[in-house]
Structure formats: C-alpha cells, structure tokens
Amino acid sequence: MNDEIYDLGAGFWSIRGSFIKNGIIDIGVQCALIKRPSGRFIFLDSYTLTGDVRQQVMALTNEGRDVEAVLNVHPFHTVHCAQMAQDFPQATFYGSNRHPQQVPEVSWADDLVESDAVAERYPELQFSIPKGIHYIAPNENVHASSLLVYHPASQSIYVDDTFEIPPSKLFNTVQPNLGLHPTTKKALKEEPNAGKHYCDWAVDLAHEWRNVRHFCGAHSGLMVFEEGQFEAALLSVIDNTRHELENQ
C-alpha cells in the first residue's frame, strides 16, 4: 500500500499509510494533520512519514517547525511514536497511560490525551471515548476502544478501530456502510448494563456528530458520506447489534 495524503478541506489532511500484520497482510494505518486557527499544526496519531507524503507535510508545516503537538488517540497504536518524536522534536506528545510504558524514550506530556485539559486546549476539535467498554483492555489483543475525534470545520471524524468500514468499500463509495470493531463484545466492562451504555453512547454520538461527511478509519479506509448518511449508518449498526451486546 502506497502512502497517500488527502486534503479534506478546512485545514484537515488524512494520511493513509502501510502496516504489515504478522509479516503478511497490509491492514493499513492512518494519521491526520490539522491546521489550527493559529496557523500552527497538530497530528492525530503517529506515523513514519516518507517520500512524497513527507515532502508535502514538511512543505505545509515549515519543515515541521510549526507542528506543536501529536495526539496519540489509540492506546495500542504505538509502533511509530518514537520515530515521530525524532521527526518533530519540538512537538508536545500526548498519549494514554499505556504510551509511556510502551515507548519510554518519548517525552510524554503529563496531561493524558483523553483528559479535559487536552480537550480544552484544542477547542476546534471534539472528543469522545466509548462508554461501556475498556479504553485500555486487560486483553492486549482487544483494541475496540479509542479516543474518537471530530473536526467540525471539515466535517471529518477520525476513528481508530472502534467503527470500521467493510473491506469491500472504497473511497468515494456511494453506498456507505459501517461496522463495529470485531472485538467490541470482548471489550465490554464487567459491570451491569455495559452493553447498553455502549449502545446509548454510540446513538448519542450519531446524533451529536450527524454532520460527519469524511470518515477516516485506521485499518478500513477513507469514506465520504452524503448528508445524514453517517448518522443513519451508525444508528443502523447499533440497532442491529444492540440485542447481542446487551445480552452478552
């Protein structure tokens, strides 16, 4: 898979990269570059930039000097953090509690990426963590949760793993579809009504972020929704899986 960068407008660039799983399958990975109202930049997630994509990013960001922060929004996406810190040494690196444990060579900010302090620092973004499932699951193979990010100006939602696009769907598809991460049931917390809390959270998110047009998924691609389609697609998948999740 070749690295690609997509300009989604209003200062949001989706960067699609390569991630080889088990040395065989390229399941893809992503990060995003966002230009702030101040003119400076932040990244969502870390990725080792190379080739033409790196050149474009460096041209946009004054050779990287205007990158002020990297928000690593998935606790289990840590492979590229060390290289990203070398490429943008002046940037503040935010992560979950798990990031410093996995990549101790990076100088991590005291404020966690999912904290209110970070949300207040970047008011041009909206953040949401799924309810009812573990953000950092005890099982290292369960990656269903992540910090979801919405950029209203470009109508772009940035999602690592939590929601997915079926592999058959392509960029600019006219028949958008959504699915839940396959480990969602395994990620449910050991508490009453965990499945209901998750479903209710997703329904609220569908309504609150109903204006989403661009869906940026870590391993499942980039999709463009028509007006109202994201809300309908997310409500549909929750309606179809609510019984199963609530009776887990």
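**A helix pair and its surroundings**

Modeller: Buried means under 20% relative accessible area, exposed means over 50%, and partly exposed is in between, using a 1.4 Å probe and protein chains only. Before going on, a word on the source: this is a predicted model, in which local features need pLDDT of at least 70, side-chain atom pairs count only at pLDDT 80 or more, and totals for chains, interfaces and linings use all residues. Residues are numbered from 1 along each chain as its sequence is written, and side-chain values use heavy atoms, with hydrogens and water left out.

Asp161 sits in the loop between E11 and E12. Although Asp161 is not a glycine, it has a positive phi of about 75 degrees. In these names, H marks a helix (a DSSP run of H or I, at least four residues) and E a strand (at least two residues), numbered from the N terminus.

Now to the pair itself. Helix H6 covers residues 194-208 and helix H7 residues 229-246; their axes lie 9 Å apart, and the packing angle is about 175 degrees. That angle makes H6 roughly antiparallel to H7. On the residue level, H6 brings Gly195, Lys196, Tyr198, Cys199, Asp200, Ala202, Val203, Leu205, Ala206 and His207 to the contact, while H7 brings Glu231, Leu234, Leu235, Ile238, Arg242, Leu245 and Glu246. These contact residues divide into 10 nonpolar, two polar and five charged.

Here is how to read those terms. Axes are lines fitted to C-alpha atoms, for helices over the stretch in contact, and angles run from 0 to 180 degrees between N-to-C directions. Under 35 degrees counts as roughly parallel, over 145 as roughly antiparallel, 65 to 115 as roughly perpendicular, and the rest as oblique. Contact means heavy atoms within 4.5 Å. Ala, Val, Leu, Ile, Met, Phe, Trp, Tyr, Cys and Pro count as nonpolar, Asp, Glu, Lys and Arg as charged, and the others, Gly among them, as polar.

Take H6 by itself next. Its 15 residues should span 21 Å at 1.5 Å a residue, and the end C-alpha atoms are 21 Å apart, which agrees; the expected span is 1.5 Å times one less than the number of residues. The buried residues of H6 are Ala194, Gly195, Tyr198, Cys199, Trp201, Ala202, Val203, Leu205 and Ala206. They pack against strand E9 (126-128), strand E10 (148-151), E12, E13, H5 and H7. Ala194, a residue of H6, has a relative accessible area of 5% and is buried. Beyond its neighbours within four places in sequence, Ala194 is in contact with Gly132, Leu188 and Lys189.

E10 also holds His151, which counts as buried at 3% relative accessibility. Not counting residues up to four places away in sequence, His151 touches Ala10, Gly11, Phe12, Ile34, Glu124, Leu125 and Ser156.

The partner helix, H7, has 18 residues and reaches 25 Å from its first C-alpha to its last, close to the 26 Å expected at 1.5 Å a residue. H7 bends by about 40 degrees at Asn240, where the bend is the angle between axes fitted to the seven residues ending there and the seven starting there. Buried in H7 are Phe230, Glu231, Ala233, Leu234, Val237, Ile238, Thr241 and Leu245. Their cover includes strand E11 (156-159), strand E12 (163-164), strand E13 (179-180), helix H5 (184-187), H6 and strand E14 (214-217).

Finish with Glu246 in H7. At 36% relative accessibility, Glu246 counts as partly exposed. Leaving aside neighbours within four places in sequence, Glu246 is in contact with Gly195 and Lys196. Although Glu246 and Cys199 are 47 residues apart along the chain, their C-alpha atoms are separated by 8.3 Å.
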